[in-house]
Structures are given as C-alpha cells and as structure tokens.
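User: Please take me through this model step by step. I will ask as we go.

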Number of protein chains: 2
Amino acid sequence: MRIVRIAIAGFGGVGKATAHLLLSRRPRYCHVYGADVRLVAVCGSRSGNRSDEGLEEDAFSNLEDGLSGPDFIAQSNAEILIEAGPSDFRTGGPGLAYLRSALSAGCDTIVISKGALVHSGRKLRALAEGSGSILKLSGAAAAALPTIDLVEQSLKGCEVLEVEGILNATTNYLLDAMVTRGIGFETALREAQDGGFAEADPRNDTEGWDTACKLLILANFGLGADLAMNDLAVEGIQTVTSERIAAFREQGLVPKLIGHFSRSEKGIVAGVGIRSYPLSHPFAQVRGKDKAIRIVTDAMGETLAMGSGTEPLATAAAALKDLEHILAARSALSGFR
Amino acid sequence: MRIVRIAIAGFGGVGKATAHLLLSRRPRYCHVYGADVRLVAVCGSRSGNRSDEGLEEDAFSNLEDGLSGPDFIAQSNAEILIEAGPSDFRTGGPGLAYLRSALSAGCDTIVISKGALVHSGRKLRALAEGSGSILKLSGAAAAALPTIDLVEQSLKGCEVLEVEGILNATTNYLLDAMVTRGIGFETALREAQDGGFAEADPRNDTEGWDTACKLLILANFGLGADLAMNDLAVEGIQTVTSERIAAFREQGLVPKLIGHFSRSEKGIVAGVGIRSYPLSHPFAQVRGKDKAIRIVTDAMGETLAMGSGTEPLATAAAALKDLEHILAARSALSGFR
C-alpha cells in the first residue's frame, strides 16, 4: 500500500481537530484510496512532534520546543501539508512562510487559514502551478458551507452572475441574538465571547474583515477574479444599533452581514455590508452560527446552500474533504511522487 | 485539438435544450479543455440526424425518419452519449437500450431520464465498470439542485446519516398554491397543466413516484445503498385535502412532499411522504417550482441546498456539468480513446 505522509502546521483548536479526525479516518483512506495515510509531523508556533511511522493521539500533548517552522515541516518529507495557523490578512500570517516553502517544493497543500490566501493568493497559486502541486482551500472559504465546491462542481459550466453570502458565524450569531431576543450588541458579544466563538478582540469579525477575506478567496480562487482587499468596500455590524434593529423589525426585515459579488459588463463589484431580507427569504431563517450562500448563474438560476456544522469539527472535515480530493486526483494521475 | 463526439438520444424539450446549450458552449470547451466538441448525432423515438462534422442548430428541425435507436447512435462513433428520453421506471423506458448499448461499448454516458437508472441501476453501473466508461447522472438526480454533487464533493469523507428532499417541482407548486393561496388541488393542477409543468396524467408526480425515483437514484448512486422501488413506502399528495391544509395552517406548519432517507445501526429507511415544517424552517420557504435538499452528516452537521432554475434550461445545464466533469477526467487520464 502506498504511504501518504501528512504534516499539520498550526496546532490550535482547528489543527488538533483535524489531526484527530484524520487519525480516525485512517481505515477509510486505506479502504477507499489504498493509502496508508500517516501524520508524520505537527507543529504550533514554538513546538512540535514528528514520526516517520506516523504520530498517534498521545503525541499531540507531547510537543517538543523548537520543533516548528517551514524547515521542520520540510524535513518530515510530507507529501501533503495542512496549514491551520492563525490568520492575518494584513501580513499573510505565519501560514505564508509554510505555504511558500511547501508549494515551492511541490508539496500538495490544504489551506485552512485565510491570511496568506488573501495577502498573497496570486503568488501562491503561481508557485503551485510552477511546481505542479495541488492547492486546496475549502477550510478557508467558509469551511463546512459549500462555496467553491458549488461553483466548481455543482454549477460547473455556468457563468456566475451574482453571489451573496452570510459567511461569518460570529456576526450572524450577534445579529440574530439582537433581532430575535432584542438584546444589545454588547450583551450579545459577551455571550459569544463566553461561548468561545467570539475573540477577546472581536473586530476581525464585527468589522466585516473575516467575511471580506472569505469573499475575496471565493472570488479569486473560485470565480476567476483578481481582487485585493482594497477593491472591497467593507462595512461591519457596528452600525447596527438597537434603533436600526427596531426599524428593520417594524418593516418585517431581518438584517444580515453579507459578502456580495456581482459581475456584469461593467466589471466586478464586491463588498461587505448589511443587507436586509423579508421573512420569506431563506437568508432570514439563517440562525445563530449558521452560514449561507446564494449564487445566481446564467443557466441554473438561483442556488442556495446553508450549513450548520459544529466547530472546530466542521472545519476539520472541510480540510479533510480536500485531502480526499487530493488522494483521488493523485490516484488518477498514477500515484504520488 | 482533440475532437470529442457527442450524441443525444431523446430529443424532446430537455434533449433539444441540451443540444442548444451544448452548441453555445463550444467556444468554452475549446478554451477550457482544448476540445473540439461536436454534436454528431441526435434522435427521438422515430427520427434523427447525423453529421461527422457536427450538427448545427438548423439540423434540429430537420430530422429524418428511421434514424433512431442504439445502432444509429453506435454508428455515429460518439465517445459520449447524453440520454434524455422519456422516463419509465417500471420498464426502464427507451433509455435502457441506449444505455446498455453505450456502456457496453465503453462510451461515457450522461443520463437525464430516471427510468433506466431506477429499473436497472446496478446492472448499468456494472456495465460501466466493466468497460471503463464513466456514468454520470446529475440531470436525473434533481437536475439543477445539487444532490449527488453535495455528497460526493462538498461532504466527501463524511458519513451521511439522514437526507430529506423536496425533489419534485410540480407537487411543490401544487402544495404551495394550495397553502398560500387557499385554492383546491384540482384548480392548482389545472394551473400547472396550463403552465406546462404538470402532465395531462399527473400521477407520476402527484402520487410521489418522481420523488421516489430521484431519492432512489441518490441513495443507490450517491449513498452506497442498493434499494429497489419496493423497498420504499411511497405516499403522494392526494391525501392533502383542503381540510388538512387548513389544519396545518392553524398549527403554523407548511406541508411538503418529502423524499427521505436515513441510515442507522438498524439499517436504511427510505420513503416518500408528507412532512410539515414550521415557518422558521428553510423548507417552509421553498416556494413554487423550487427544490431543496437537507443532508445531515456525522462531521459537518446539517447542509441544505435549494435550487430554482428554469426548465428545461436548468436540466440541460446539469447534464452539461456532467459533460465538463467527463472532459476534465478524460484530460487527466491522458485523453480520449
């Protein structure tokens, strides 16, 4: 049986969930792809662990200081890197160095963190094309909610005219709580922070940046666009006061933070902002931490998807869906190098 | 440029729409796949047309009697057959002979009509495996609504625990009209018949058989089941009287005709029947001729998709999405035979 070596860089909640799910699915990879999938290296920002025979669960809590960084991963001889580090779209974050190193070396790469893709998407894609490596990023494009899949698989051949998405769980939770329970932004935010799904500094979510990152990744990697963050008008939910909520309610409308993209003869328009929907619109029913996307194409009309997986498991599953697509593609292409 | 020869068997509304859309996308196939895609044969039940150079639009209204049947298609040397004939799940319909012939000969096949897949799905799959041909069937599994795509692509690696689907446009239109406008079944049916989206004999839709066919195809081709029609309890919308509608309304519920599938330790349970949903459930908002599916998996929670394409264009686009997947797969596998 062919051996497939996997490394995970970034070992917080999502990286660990991915590692656990990967180990639990090893029998499936054997059975379906004839692949002995081994997790040969994991690392966080300062420490890591490695085994040519494949790490088991007990190794995850036993990381060694100093085992970290792109060279550590390169030395593991992994054919596939899963990048799950912290996301920073202004600098590319720590993921950028890992991705550059892996893609240059012809290592197939599954990206979960958005920062590097937003910061250097075009360069990373060029690196992948140059080395013949596969670059997958379901985990970075709204994770368990199908987005790029829909465009590339379900709607293949159609021209995408318009996209609207509720792409950020935290802001949807906050708005939903404010609308349905009449609580204020600060109270809702504290709830979300206590629940562990809003950061201590929530601005990346509440100011719309996380939504913008996902939209930009979808546009650039799924819709043939070449947008930079500066091309997007980005508005958050800070402007949604209790008074505005009350006004929406009076009109029978539900406000949502929407990433939107449209393409016409005049070109591409993309941005993030508040839009409101009548109760009969499916977006009005997207509750709590759920996400949704609506895609309009020339030949298939409107297609909507909604997702409500539990994190971090759902994001781990999105990354490992990418892994299976790589396993299948490499099988078809006569095996791993 | 490599030439890819396509034949279409079954030349009613959907077959013709597929032919038109295919011709309009020839520049795309050239550009994206380096393929000179030619429509070398089309036929209905009694007449057809053929050209090695590829048929143009004007040939579609100029069919010659006697040019029809599996041998006619075989003589066209098509590498890909699109089967769009009338569907009959009790006999397999005329599609069955075309599919047997094409799949035996190693011809890749895109199936739009459901009958043969329900009647002889396992045998057809075995024929495809034996000859190495690709068998695709998006057009038969709820067309523009992503169903098998979702399972095979977006949810890959996850275990599907439960599926519910509003899979039949006609019955959803009828129920929606009865619920939202308070009209009776007969009035709604006449509207749908006048609008051309209900048959003169509507029982295939109203008795639940079309929903059952789609569910069975999804189960057998997408979910690893091996069901026959007799394994499904099939109920239609005939039992939904005005009195029942009124009772649902009073409870704030919306009735829908649902194909459902669930898998547990006890085995698979699948069927078709009326289920009702509160207004806050996305299914309650699936209006008119729209369709929807809800899939519950172990690792990604709930995923919903809703679609509202215009027929027959949307079904044609679903079939041609299959074509692109075949073009891509054959490119990866070093070209056509």
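**Strand pairing and beyond**

User: Which residue is the bridge partner of B:Val42 in β3(B)?

Analyst: The partner of B:Val42 in that strand is B:Asn49. Please note that this is a predicted model, in which local features need pLDDT of at least 70 and side-chain atom pairs count only at pLDDT 80 or more, while totals for chains, interfaces and linings use all residues. Residues are numbered from 1 along each chain as its sequence is written, and chains are lettered from A and ligands numbered from 1 in the order in which they are written.

User: How many bridges join β2 to β3 in chain B, and in what sense do they run?

Analyst: Three bridges join β2 (residues 35–43) to β3 (residues 47–50) of chain B, and the two strands run antiparallel. Helices (H or I, at least four residues) and strands (E, at least two) are DSSP runs numbered from the N terminus, and two strands pair if DSSP finds at least two bridges between them.

User: Changing topic: what is the strand order of the seven-stranded sheet in chain A?

Analyst: The sheet is open with mixed pairing, and the order is β4-β3-β2-β1-β5-β6-β7. β4 (64–65) and β7 (135–136) of chain A are at the edges with a single partner strand each, so one side of each has no neighbour in the sheet. Inside the sheet, β1 (residues 2–9) and β5 (residues 80–83) of chain A pair in the parallel sense over four bridges, and A:Ala7 has A:Leu81 as its bridge partner in β5(A).

User: Which strands does α12 of chain A touch?

Analyst: α12 (residues 313–332) packs on the sheet and touches β1, β2, β5, β6 (108–111) and β7 of chain A, with its direction at about 160° to that of β6(A). Axes here are lines fitted to C-alpha atoms, for helices over the stretch in contact, and angles run from 0 to 180 degrees between N-to-C directions. Helix α1 (residues 13–24) of chain A lies across β1, β2 (35–43) and β5 of chain A, at about 155° to β2(A).

User: How is chain A divided into domains?

Analyst: Domain 1 covers 2–144 + 313–332 and domain 2 covers 148–307, with bounds from an automatic or database domain assignment. The contact between them takes 12 residues from domain 1 and 15 residues from domain 2 of chain A; two residues are in contact if their C-beta atoms, placed from the backbone, lie within 7 Å. The centres of the two domains, taken over C-alpha atoms, are separated by 28 Å.

User: Is A:Leu124 buried or exposed?

Analyst: A:Leu124 is buried, because 25 other C-beta atoms lie within 10 Å. A residue is buried if 20 or more other C-beta atoms lie within 10 Å of its own, exposed if 12 or fewer, and partly exposed in between, with C-beta atoms placed from the backbone. A:Leu124 is found in helix α5 (residues 115–131) of chain A. Leaving aside neighbours within four places in sequence, A:Leu124 is in contact with residues including A:Leu99, A:Leu103 and A:Leu135.

User: What about chain A overall: how much of it is buried?

Analyst: Buried residues make up 54% of the 337 residues in chain A. There are 12 helices and 13 strands in the chain, and the C-alpha trace spans about 65 × 45 × 35 Å along its principal axes.

User: Now the two chains. How many residues does each give to the contact?

Analyst: The contact takes 35 residues from chain A and 35 residues from chain B. On the chain B side, α6 (148–154), β13 (301–308) and α12 (313–332) are the elements that give two or more residues.

User: How many bridges join β13(A) to β13(B)?

Analyst: Seven bridges join them, and these strands run antiparallel. A:Gly307 stands opposite B:Thr303 in β13(B).

User: What is the order of the 12-stranded sheet?

Analyst: This open sheet, with mixed pairing, has the order β9(A)-β11(A)-β10(A)-β8(A)-β12(A)-β13(A)-β13(B)-β12(B)-β8(B)-β10(B)-β11(B)-β9(B). The edges are β9 (233–234) of chain A and β9 (233–234) of chain B, each with a single partner strand, so one side of each is left without a neighbour in the sheet. Two bridges join β9(A) to β11 (residues 267–278) of chain A in parallel, where A:Val234 stands opposite A:Val272.
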